[in-house]
Amino acid sequence: SLSLALKKNIGGNVKKVCDNLYAIEVDVEKEMKNYLKRIEKEAEKIVSPVILEEIKEEIKLAYYSPGAFELAILDVIHRIISESEKSYDRIVFDTAPSGYTLRLVSLPSLLNRWLHRLIDLRKEALKLQFYSDLEDKRKLEEVYSQDTVLSVLVKRKEQIETLRSVLLNREKTLFGIVVSPAVLPIQIAKKTVDELEASGIEVELVVFNRFRGGEVEKVRKAFSGKRIILVREKEREPIGIGRLRLLGEELLSQLA
C-alpha cells in the first residue's frame, strides 16, 4: 500500500520519493516465484537427474505450502539489508499484521536450528560415503569443501544467521508496533509484544494511532515501560507527501 500512501507509483525497484526518502513496494507473489526458481536452479546442481523432474514438481507444490511466503520475504529482507545497508541512514520495513509478523520474525531462529541439523547429517553421510578412516580430518575437510549440497546449506545458514543477528541487535534495530484505539486491538498488540519478546526481540516503541483522548491510561498500563507515541485522529487520512510530513513532525515532537 506504499504507492497509495505516498501517492506515487513505487513498484518493485527502489524509487526516489523525495529528498532523503526512497521506497520499494515488494510484490510478494513475484518474489515467491523467483525464490522457487532459485531453489530449482540449486536442485539442478545437486540432485541426481533420475529424480530431478520429481523434485521440480515438489518445488512447484511448495508455492502453496505453509510458511513458503514467509521464507520468500525473509530472502527479500536479507537482500535489501545486504545491498542497501551502506547506502542509507535507516531502512524501514513496514510489515503485515501481527500474526504474519510473528511467524516472519520467529522463522530465522527455527531455520537456524533446522539448517544446523541438516549440515550435521550431511557431514555424517559424507564420512560414511568416503572414508573408513573417520579420523583423517584433513581429508574430511577437503571433502566437505567440495560438496555442493553442503556448500548450499552452509551459505543458507550464514544468510539466516546474518538476518537473525540484525533482528536481535538493539543497537541496529528498533521494533515498533502500531495500535488502534479499541480494547481488542490493544489486547492483540499486547500479546504480540509478549510473543516477540519471548523470542528475544524487544519492542521499544508503541505508536497509538487515531488517538481521541480517552484511552491513554489503558495503553500506558498495557505497555508499561515502553516508549509511547500518540497520533491524534485526523479529519482526513494522511495520504501524500505533504500530509505525511506533517505527521512526521508530530511524531518527532514526541521523540525529542
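Welcome to this predicted model. Lys-7 has a positive phi of about 60°, although it is not a glycine.

**The protein as a whole**

- The protein contains ten helices and five strands.
- Its radius of gyration is 23 Å, well over the 18 Å that the globule rule gives for 256 residues, so the protein is more spread out than a compact globule.
- Buried residues make up 32% of the 256 in the protein.

- Five lysines come together here: Lys-33, Lys-37, Lys-41, Lys-45 and Lys-155 form a positive surface patch.
- Which helix gives the most to the positive patch? That is helix α2 (residues 28-46), with four residues.
- Lys-45, one of the patch members, is found in helix α2.
- Lys-45 counts as exposed because its relative accessibility is 64%, and the cut-off for exposed is over 50%.

- Is Lys-7 buried or exposed? With a relative accessibility of 63%, Lys-7 counts as exposed.

**Lys-16, in strand β1**

- Strand β1 covers residues 15-18, and Lys-16 lies in it.
- Lys-16 has a relative accessibility of 46%, so it counts as partly exposed; that class lies between the buried limit of under 20% and the exposed limit of over 50%.
- How far is the C-alpha atom of Lys-16 from that of Lys-86? The two atoms are separated by 17 Å, while the residues are 70 apart along the chain.

**Arg-210, in strand β4**

- Arg-210 is part of strand β4, which runs over residues 203-211.
- Arg-210 is not a glycine, yet it has a positive phi of about 55°.
- Because its relative accessibility is 35%, Arg-210 counts as partly exposed.

Notes. Residues numbered from 1 in each chain as written. Predicted model: local features only at pLDDT ≥ 70, side-chain atom pairs only at ≥ 80, totals over all residues. Heavy atoms only, no water. Patch = residues over 30% accessible without salt bridge, like charges linked within 9 Å, V, L, I, M, F, W, Y side chains within 5 Å. Areas by Shrake-Rupley, 256 points an atom, 1.4 Å probe, with all protein chains shown as cover. Salt bridge = Lys/Arg side-chain N within 4 Å of Asp/Glu carboxyl O. Lys, Arg positive; Asp, Glu negative; His and termini not counted. Charge placed at Lys NZ, Arg CZ, Asp CG, Glu CD. Helix = DSSP H or I, 4+ residues; strand = E, 2+ residues; numbered from the N terminus. Buried < 20%, exposed > 50% of the residue type's maximum accessible area, 1.4 Å probe, protein only. Rg over C-alpha atoms; globule rule 2.2 N^0.38 Å.
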